[in-house]
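I opened this notebook to keep track of what I looked up, entry by entry.

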Amino acid sequence: MSLSSYKRKRKLKETPEPKARIKRSRASLIFVVQKHYASHLHYDLRLELFGVLKSWAVPKGPPMTPEEKRLAIMVEDHPYDYKDFSGTIPQGHYGAGKVEIWDKGTYSVLDAKNVKEAESKISAALAKGHLSFVLKGKKLKGEYALIKTALPGAKEQWLWLKKGTAEKARPKDPMPKNPHPMLAQIAEKPFNKKDWLFEIKWDGYRCLAIIKEKKIELLSRNLKSFNKQFPRIASDLKALQQHKAILDGEVVILNKDGRSDFQLMQNYQSDKTGNLFYYVFDLLYLDGQDLRDRPLIERKEILETLLSKLKKTHIRYSDHVMEKGISFFREAKKLGLEGIMAKDINSVYVMKRSHSWLKIKAHKRQEVVIGGFTAPRGSREALGALVVGVYKNKKLHYAGRVGTGFDKESLTMLLRKLKPLIRISNPFNETPKTTAQITFVKPVLVCEISFSEWTKEGSLRQPVFLGLRVDKNAKEVVRE
């Protein structure tokens, strides 16, 4: 038992926290649960042992029923006097925020005749990773257990259980059905922020990989199968088929400079050539453990350990930098990358758009729905320009014409896909402002464009075609 880590993390002359001194109870071992309003609200469980308080951070609070199980992350030992601490840790210091006592009392282990014997049993049980104990507090009463998880990379992660689930060493969670990817909001500019990480924004197709019963299923953002498009990725993931897992990442084609290129991905759809990779940045589920309620940084640690088993495959771990988003964005622009992602390291995984994940683009990009096309002029073949729009209030609004960014192959491909969709009626909410004759189509195809800015009238200025998106539902396309 040591308080050296506690001292190292704090400037005790500048905070109201207790000094690092070892003390002990005489009659009964004590416990305390503190409510900690730090960067994110959490609870701290502390159990007295050999003159210090063994401590766990509990993001969702104590288990109150046998059906609940709580993640508990073991942290540094705290001094005995911390049992009485309530107050505010100043900003700029480790654990800054308000601390208050939520519950306290004594605790014991079964069949221990005295404190000395209890401490011996507790120490041995913690070493084995399974401690059963009885709490006698005002709010917490009865038998509980702390069980160390067996997840790879989860060195200090435990489950805190109330009696009734304690005998189940590692309760298994069902694999989520029909998982949808977590989506990000737009941020206008890069930033530096404590407890945030920053990743490369990959320029490809979002992909969930489900590994179950030795089968690999690749799903697009709108849950369409990618297995036929990317058989090489599915094949490489078979190296993990002894696991049950759900991975989240992006399938990309890297150019000769090692940069993901969305236009090269378009070529891959037809000729299956290029440097194909699956960059994985999140892990939703692994071997009976639903990880969506775990903090992002923990999910990534477990993911990195899992993927380290793979050798010479097209599956890669998507790494990150901590806190320094501005300099990371600057380097991303120098390298010609699409942009960066900013993510709260404590964020849970939600299957919807969230402010806990932000995308910061180096260049203006927008998904648009194709509602028509014009005839070619001059030497151009197939078609002239795409007439596009975005949805608002369930109506497709005209956003301009896209007439550049094509080559002969892409023009031919687009006309082939658009011909079966031709219709007489205008799919837009308003009449497009153009003198060219428009052939309208059913608005189901989505393409991605780059552009300089939006006009006051809501049109795209200088749009350039980048490629079709096979992973997006047209009804979801709105102005970003």
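This is a predicted model: local features need pLDDT of at least 70, side-chain atom pairs count only at pLDDT 80 or more; totals for chains, interfaces and linings use all residues.

**Entry 1: R10 and E17.** I looked up this pair and found a salt bridge between R10 and E17, with the closest N and O atoms 3.0 Å apart.

**Entry 2: R365 and E448.** I then turned to R365, which forms a salt bridge with E448, again with the closest N and O atoms given as 3.0 Å apart. Because R365 belongs to strand β21 (residues 365–374) and E448 to strand β25 (residues 446–450), this pair ties together parts that are 83 residues apart in sequence. I checked the burial of both partners and noted R365 and E448 as buried. For the structure as a whole I wrote down 29 salt bridges.

**Entry 3: R292 and D290.** Are the partners in this bridge buried or partly exposed? The side chains of R292 and D290 meet in a salt bridge at 2.6 Å, N to O. R292 has a relative accessibility of 21% and therefore counts as partly exposed, and D290, with a relative accessible area of 21%, is partly exposed as well.

**Entry 4: a positive patch.** Which residues form the positive surface patch? I listed K172, K177, K212 and K244. Of these I followed K212, which I placed in strand β12 (residues 205–212). With 39% relative accessibility, K212 counts as partly exposed.

**Entry 5: G129.** I located G129 in the loop between α2 (115–128) and β7 (130–137). G129 has a relative accessible area of 4%, so I recorded G129 as buried. Which residues does G129 contact, once its neighbours within four places in sequence are left aside? I found L146, I147, K148 and W158 in contact with G129. I also looked up T149, which is 20 residues from G129 in sequence and, C-alpha to C-alpha, 8.1 Å from G129 in space.

Definitions and conventions: Residues are numbered from 1 along each chain as its sequence is written. Side-chain values use heavy atoms; hydrogens and water are left out. Patches are made of residues with over 30% relative accessible area and no salt bridge: like charges are joined within 9 Å, nonpolar side chains (Val, Leu, Ile, Met, Phe, Trp, Tyr) within 5 Å. Accessible areas come from the Shrake-Rupley method with a 1.4 Å probe; for residues, only the protein chains shown count as cover. A salt bridge is a side-chain nitrogen of Lys or Arg within 4 Å of a carboxyl oxygen of Asp or Glu. Lys and Arg count as positive and Asp and Glu as negative; His and the chain ends are not counted. The place of a charge is taken as NZ of Lys, CZ of Arg, CG of Asp or CD of Glu. Helices (H or I, at least four residues) and strands (E, at least two) are DSSP runs, numbered from the N terminus. Buried means under 20% relative accessible area, exposed over 50%, partly exposed in between (1.4 Å probe, protein chains only). Contact means heavy atoms within 4.5 Å.
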